[in-house]
Amino acid sequence: MTVGILALQGAFAEHESSLDKLGVEHFEIRQKKDLQRPFDALILPGGESTVMGKLLHESGMLEVVRQKILDGMPVFGTCAGLILLAKEVEEDTAYLKTMDIRVKRNAYGRQLGSFYTEQEFDGIGRVPMAFIRAPYISEVYGEAKILAQVDGNIVAARQDNQLVTAFHPEVTDDLRIHRYFLNMIDS
């Protein structure tokens, strides 16, 4: 199994570290030619969604990535990655538009609004959640299903081959959400 990690900007190194701990082969996707390498799944990390969306578009990767997801490739989007996958982004541009969710960017405010908590994640149990300038999902519809909530806000969801979290599991020592994603590859 090989996982491609979008490495245009953001927290891609932290996802690499999580996959290293799990013994999973991975590589960085920085250019359109990297998408030609064989891989089984994709991680869209946290970072700045506007910058990432712009770079995906300018590099010619946006439609290639979108088609891979629509063709069933498992994808895991954290924070900015969640925003990239959303069909609707409140007061902003939507990019890949593959997941039946509406998202509110920077929903918890600026960097000072960052926080840590532990909450239930459907199918896993109580997990640590680190929120850094995080969005939340204001609405799920269609095929999307809620996996976790914090204070009434949706912070994790799944739709078929797509998994998203508003928080950053890659900055904690808990690998259960990455394992959950890897199990999606095998199913």
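Reader: Why does Lys97 count as partly exposed?

Author: Its relative accessibility is 40%. Buried means under 20% relative accessible area, exposed means over 50%, and partly exposed is in between (1.4 Å probe, protein chains only). Lys97 at 40% falls in between, so it counts as partly exposed. This is a predicted model, in which local features need pLDDT of at least 70, side-chain atom pairs count only at pLDDT 80 or more, and totals for chains, interfaces and linings use all residues. Residues are numbered from 1 along each chain as its sequence is written, and side-chain values use heavy atoms, with hydrogens and water left out.

Reader: Where is Lys97 found, and what is its phi near?

Author: Lys97 sits in the loop between β5 and β6. Helices (H or I, at least four residues) and strands (E, at least two) are DSSP runs, numbered from the N terminus. The phi of Lys97 is near 55°, a positive value in a residue other than glycine. Most residues other than glycine have a negative phi.

Reader: What makes Cys79 buried?

Author: Its relative accessibility is 4%. That is under the 20% limit, so Cys79 counts as buried. Cys79 lies in the loop between β4 (75-78) and α4 (80-85). Its phi, too, is positive, near 55°.

Reader: What makes Arg102 and Glu88 a salt bridge?

Author: Their closest N and O atoms are 2.8 Å apart. That is within 4 Å, so the pair qualifies. Arg102 lies in strand β6 and Glu88 in strand β5, so the pair ties together parts that are 14 residues apart in sequence. Arg102 is partly exposed, with a relative accessible area of 27%. Glu88 is partly exposed, also with 27%.

Reader: Which residues do salt bridges that share partners join into one network?

Author: Glu48, Asp92, Arg105 and Arg133. The structure holds nine salt bridges. Arg30 has a relative accessible area of 42%, so it is partly exposed. Glu28 has 27%, and it is partly exposed.

Reader: Why is Ala11 called buried?

Author: Its relative accessibility is 13%, under 20%, so it counts as buried. Ala11 lies in the loop between β1 (2-6) and α1 (12-21).

Reader: Which residues is Ala11 in contact with, leaving aside neighbours within four places in sequence?

Author: Pro45, Gly46 and Glu170. Contact means heavy atoms within 4.5 Å.

Reader: What about Leu55: buried, partly exposed or exposed?

Author: Leu55 has 31% relative accessibility, so it counts as partly exposed. Leu55 lies in helix α2 (residues 49-58). From Leu55 to Gln31 is 9.7 Å in space, C-alpha to C-alpha, and 24 residues in sequence.

Reader: How many helices and strands are there in the protein, and why is it called as compact as a globular protein of that length?

Author: The protein has five helices and 12 strands. Its radius of gyration is 15 Å, close to the 16 Å that the globule rule gives for 187 residues, so it is as compact as a globular protein of that length. The radius is taken over C-alpha atoms, and the rule is 2.2 Å times the number of residues to the power 0.38.

Reader: What percentage of the 187 residues do buried residues make up?

Author: They make up 52%.

Terms used: Salt bridge = Lys/Arg side-chain N within 4 Å of Asp/Glu carboxyl O.
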